[in-house]
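Subject: Structure for your review

Dear colleague,

Please find below the structure that I would like to hand over to you.

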Amino acid sequence: MTLAEVEDFSGEAGNFEVKIRQHPRYVDIDKCIACGLCSEKCPKKVVNEYDAGLGKRKAIYVKYAQAVPLKYVIDPENCIYFVKKGRCKACEKHCPTGAVNFADEEKELSINVGAVVLASGCEVFDPAIRDIYGYNRSPNVLTSLEFERLLSATGPYGGHLVRPSDGKEPEKIAWLQCVGSRDLHEGAKPYCSAVCCTYAIKEAIVAKEHIKGPLDTAIFYIDLRTHGKDFERYYHRAEEAGVRFVKSKISTITPAADSGNLLIRHTDEAGRRVEEEFDIVVLSVGLGVSKEAADLGNKLGIELDQYNFASATSFEPVQSSRPGIFVCGAFQGPKDIPQSVIESSACAAAVEGSLAESRFSLTQTKEIPEELDVRGEPPRIGVFVCHCGTNIAGVVDVAAVAEYARTLPDVAHVEENLFSCSQDTQEKITQVIKEQKLNRVVVAACTPRTHEPLFQETVTNAGINKYLFEMGNIRNQCSWVHSGDPEAATEKSKDLVRMAVARVALLEPLSDPEVEVDRAALVIGGGVSGMVAAKNLAEQGYHTHLIEKNDVLGGQARSLYATWMGEDVQQYLSGLIQEVQAHENIDVYLNSELQGVAGFVGNFKTTILANGKEQVLEHGVAIVATGASELKPDQYLYGEDPRVLTGLELDRKFIDNDPSLKETGSAVFIQCVGSRIPERPYCSKVCCTHSVKSALKLKEINPQMDVFIVYRDLRTYGLREDLYREARDKGIVFVRYDFDQELNVTKDENDLQVRFTGYVLQREMEIRPDLLVLATAIVPPMENPLAQLLRLPVNDDGFFVEAHVKLRPIDFAADGVFVCGLAHSPKPIDEAIAQGLGAAARAATVLAKEKIEVEGVVSTVDQNLCRGCGQCVEVCPYGAPELVDIGEGVLVSQIQEVLCKGCGACAVACPTGAAAIRHFTDHEVLTMVEAALCK
């Protein structure tokens, strides 16, 4: 429901009434075909908000090229008809379907719902509020959002990186961090916006890729906060690509005469004043809550914090202050895409748990047309060539490719589409297939990796078997890689279309096998994340097996004193353990380990050894929550002097209310012990905040204590920045040390000595503390037999690898298996809980079904050719082939289709050619090769 806003809200959890005001579109969405003729003829141009003000749009427009629904809308504040009372109407005159409706009216709707999820997003800081950087005075000073549009292929410059003032390709670009964040000036926010450092690095890398010649890129920062999973590696990748990182807070930018260039003055690492001239300066603006989102929160009666973010606790990170209303994404606090996606799944889990009794009560089953039997019919191939805005059409001559497709054998119909993946175009393709009686379809567009399922659904809706479809990737493989040679890109596009047409003519219908689902779950790991996942699944009504290798539940949380917001972890943990152990839908197995795993999504059989006794558990899904641990270092006198502790060991003293802390006169925290080094190049994410929180606790215990935090980059990201500010206000001393110079801890008689080189003064400093706390790395297990048993990938650091870092941050590539908590990556307890809930939601997408379909593109073995050598069994990463006895001791390979992913490893390894892949037979593939070579 677009163009809609909440007008009124009442009721309670399980029974809310929501009154909605839907504004008029002035375009009938049932009639609009998104041809664009209305916009083409519209005489009124206005600033395009989507292009961040860098381009123009018409008064009748589509907000962005892949909008859903892809229907035009009239902007009444700028439309000549509305402004000048009845004049113009050019759009109405030229619309071929009569979709324009100036008489459209506002509508008031009322709906009843059981729960509400708020995902209203954020807005970026406007640097014009306090224009110290000349944002209003120079077109070459851009916000990061404007620069994103500058880089985009659908942006105002078609993806060509030029500066706005004169269209010149830049030679030097600077990024200024913390614009509008970590700032107490008017309009700015004191918190860290969490995402700016990483997105600036991304923009710098992408900018280098856009410029053919050398491009000097410099990022000016206060603290570099690349704290997410693999973000530190991305930072090092940028360094290797030549991106410069300059630790300096820039206060002003000066125009350089009439050149349009911009002067930045800063101090280099040697303490010298430096003046540099840049073609473009990008302001890395922070995130905040819009007035509209804050008003919505107030209207719904939820509590907002001092920054207007929706308040939530660490232990219920997606639960608002009002029962039944949940919140995710940047309305709950500044965060990146992976965490936003994780929280959206967490909200789904919370809703599923609260409305479990109502499941399926309002479900509607989508009716799929009966599949036409086209076997034996001569091929009638439809070819649909996509413009993809300018992504493809900006380089490839799409009309020429479409015209060429008409000359190919068996092609009965050819069309061009602006955006083939849009909802409206999907419906149009379905209709064309029916009208033209097509029995094979080729779409020449982007990558099948992301879009093939979408187009398969389209042909299914037309009554055609989804496997009678083929894609030609003319975006990634043509327009993107040959952007500098349009003629070659066009010819290659023709080649790919010819190959696709040759193959699709040979394809045969396949069926997707159905398997029944065992509606139980296995959760591996009894830490907080695993227990939260198990508890939520149990509340949804699914029986859950929870296994833990130790003799108690709780994991690393047993050693945590408090969250960054000050909540009592031990009190929460005690309650959670009691709820889990008492729940009738949860079986807890302590002192347990996996011995073997067999089966597939919906039907797993896992053998465990519990208290010395072997048991087999049957379940439909599995959640990996095996956690990680605190590094025990072999440096800085740890283990040699009792005054040297790790962060968790200090927490244990807090939990035990250790009286010795009151007598401690001074304490030093050393950050990044075992993290951000060649052996462990990742950031452990929690250490800076944990040390600051612990330092404040020490000050609370003994206000006279001298507390120092020695760090490289202080990463109190997001709203945790408030803790950093509080610590400084209370006299805690933060000292940045030069990591390139050695930091030593020694003993002089009875004194501990911490020696390092101060980053600012470049002089050796010495502190003699009574207590030394090492903020050590979070480390995965040295050996991970679970990864081998479940055939799950781990990254170079030893953490499990998700299916997609942004789109599927909880799923594994293996169907029916999910990951959460520290097993995925280092994270604080609130994020671990959110991911545990998210894993439960993802698991429930399988458990909610009685049957599931599995992929039809799988291996098959001709047992007449198989000699039972077992090479297919050895190479298969999914355990799909097995050797079976067909009599008299003769072994042959047999494929368990529900395990097979169609990767083809078995077909490559098979010495007799007995193994093959359905839908990718030798004949089909070699036909494509012949088509590629024979123009």
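This is a predicted model: local features need pLDDT of at least 70, side-chain atom pairs count only at pLDDT 80 or more; totals for chains, interfaces and linings use all residues.

An open sheet is built from five strands, paired in parallel and arranged in the order E27-E26-E25-E31-E42. Its edges are strand E27 (586–589) and strand E42 (817–819), each of which pairs on one side only. On average, and ignoring direction, neighbouring strands of this sheet are turned by 20 degrees against each other.

Strand E25 (residues 520–524) is joined to strand E26 (residues 543–547) in the parallel sense over five bridges. To find one of these places in the structure, look for Ala 521, whose bridge partner in E26 is Thr 544.

Helix H15 (residues 528–539) touches E25, E26, E27 and strand E31 (621–624), and its direction makes about 165 degrees with that of E26. Helix H21 (residues 829–847) touches E25, E31 and E42, and the direction of H21 makes about 165 degrees with that of E31.

**A pair of helices**

Helix H10 (residues 398–405) packs against helix H14 (residues 486–504) at an angle of about 35 degrees, and their axes are 9 Å apart. The crossing of the two is right-handed. H10 contributes Ala 400, Val 401, Tyr 404 and Ala 405 to the contact, while H14 contributes Thr 490, Ser 493, Lys 494, Val 497 and Arg 498.

**A covered helix**

Which residues of helix H19 (residues 721–729) are buried? They are Glu 721, Leu 723, Tyr 724, Arg 725 and Ala 727. Their cover includes helix H18 (687–701), strand E35 (706–711) and strand E36 (733–736). Just after H19, Gly 731 takes a positive phi of about 90 degrees.

**A hairpin**

Strand E45 (residues 881–885) and strand E46 (residues 891–895) run antiparallel and are joined by five bridges. Leu 883, for instance, has Ser 893 in E46 as its bridge partner. The two strands form a hairpin with five residues between them, and Gly 887 in the turn has a positive phi of about 125 degrees.

Yours sincerely,
A colleague

Methods. Residues are numbered from 1 along each chain as its sequence is written. Side-chain values use heavy atoms; hydrogens and water are left out. Axes are lines fitted to C-alpha atoms, for helices over the stretch in contact, and angles run from 0 to 180 degrees between N-to-C directions. Helices (H or I, at least four residues) and strands (E, at least two) are DSSP runs, numbered from the N terminus. A crossing is left-handed if the near helix is turned anticlockwise from the far one by less than a right angle, and right-handed if clockwise. Contact means heavy atoms within 4.5 Å. Two strands pair if DSSP finds at least two bridges between them. Buried means under 20% relative accessible area, exposed over 50%, partly exposed in between (1.4 Å probe, protein chains only).
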